[in-house]
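This report describes a pocket, the helices around it and selected local features. The sequence and model are shown first.

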Amino acid sequence: MMDVRAIFGLSALLSLVSSVVIGRLYVWPWLRTRDRNQALVPLVAPHMFLRFIGLSFLVPGVVSPALPAAFAVPAAYGELVAGILAVIATIALAKRLPWAIGAVWVFNVWGAADLLFGFYEGPHAGIQPEMLGAAFYLPTAIVPLLLMTHFLTFQVLMRKQPS
């Protein structure tokens with residue numbers, strides 16, 4: 001039988017590869033033909049739903065009681081903040097408010113940093129995959145997809161806008 005850490009790593013890697021393939025072949029070509037606001041809404045909006053799932057790191061029974069608080073607390077609350085920022089940015093984009101692009105920048109920098117910090121902090125806090133319990137799918141299935149949307153959001157934010 002395959003080692004649990006190998007299953008975890010392989011799941012996360014293959015999810016990231018799949019997300020990159022979909023992003024490169026289907027999402028980016030569509031985004032390139034849209035104005036910035038039109039391109040950003042479908043990249044930011046999913047975070048309004050998916051980021052709040054991170055609060056499950058604080059729910060006993062969903063995760064093991066052995067899950068270190070040094071990981072669980074910042075991951076859960078970082079996700080909560082990212083979700084709130086995604087709501088603000090999505091509403092601002094939909095209403096074409098003058099500060100919408102700034103809100104997307106704040107959301108995207110925070111959200112990407114939060115996910116990357118989780119990948120850094122997990123091993124340093126001594127997390128074993130089985131400690132994640134039912135939340136195993138977050139870093140192995142959802143986080144790679146969210147990282148891809150953050151990357152694409154940075155791409156859209158940095159591209160030249162017509163005068």
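## Largest pocket

The largest share of the lining of the largest pocket, 6 residues, is supplied by α4. Helices (H or I, at least four residues) and strands (E, at least two) are DSSP runs, numbered from the N terminus. The structure is a predicted model, in which local features need pLDDT of at least 70 and side-chain atom pairs count only at pLDDT 80 or more, while totals for chains, interfaces and linings use all residues. Residues are numbered from 1 along each chain as its sequence is written, and side-chain values use heavy atoms, with hydrogens and water left out.

The largest pocket holds about 450 Å³ of space. Its lining comprises 24 residues, of which Phe-8, Phe-71, Gly-118, Phe-119 and Pro-139 are the closest to the centre. Two or more lining residues come from each of α1 (4-32), α3 (69-94), α4 (100-124) and α5 (137-158). Classified by residue type, the lining has 17 nonpolar, 4 polar and 3 charged residues. Here Ala, Val, Leu, Ile, Met, Phe, Trp, Tyr, Cys and Pro count as nonpolar, Asp, Glu, Lys and Arg as charged, and the others, Gly among them, as polar.

On a 1 Å grid over the protein atoms alone, a pocket is an open set of points where a 1.4 Å probe fits, with protein on both sides within 12 Å along at least five of seven lines; lining residues have an atom within 4 Å of a point. Grid points are joined across faces, edges and corners, and the volume is the space filled by probe spheres set on the points.

## Helix packing

The axes of α4 and α5 lie 10 Å apart, and the two helices pack at an angle of about 145°. Axes are lines fitted to C-alpha atoms, for helices over the stretch in contact, and angles run from 0 to 180 degrees between N-to-C directions. In α4, residues including Ile-101, Trp-105 and Phe-119 meet a set in α5 that includes Pro-139, His-150 and Met-158; contact means heavy atoms within 4.5 Å. This contact has 16 nonpolar, 4 polar and no charged residues.

The axes of α1 and α2 come within 8 Å and cross at roughly 145°. Val-27, Trp-30 and Leu-31 of α1 make the contact with Gln-38, Ala-39, Pro-42 and Leu-43 of α2. By class, that contact has 6 nonpolar, 1 polar and no charged residues.

## Local features

Arg-36 lies in α2 (residues 36-50). Although 120 residues separate Arg-36 and Val-156 in sequence, their C-alpha atoms are 6.5 Å apart. Beyond its neighbours within four places in sequence, Arg-36 is in contact with Ile-101, Val-156, Leu-157, Arg-159 and Gln-161.

The 25 residues of α4 should span 36 Å at 1.5 Å a residue, and the end C-alpha atoms are 36 Å apart, which agrees; the expected span is 1.5 Å times one less than the number of residues. Just after α4, Gly-126 takes a positive phi of about 80°. Arg-96, found in the loop between α3 and α4, has a positive phi of about 50° although it is not a glycine.
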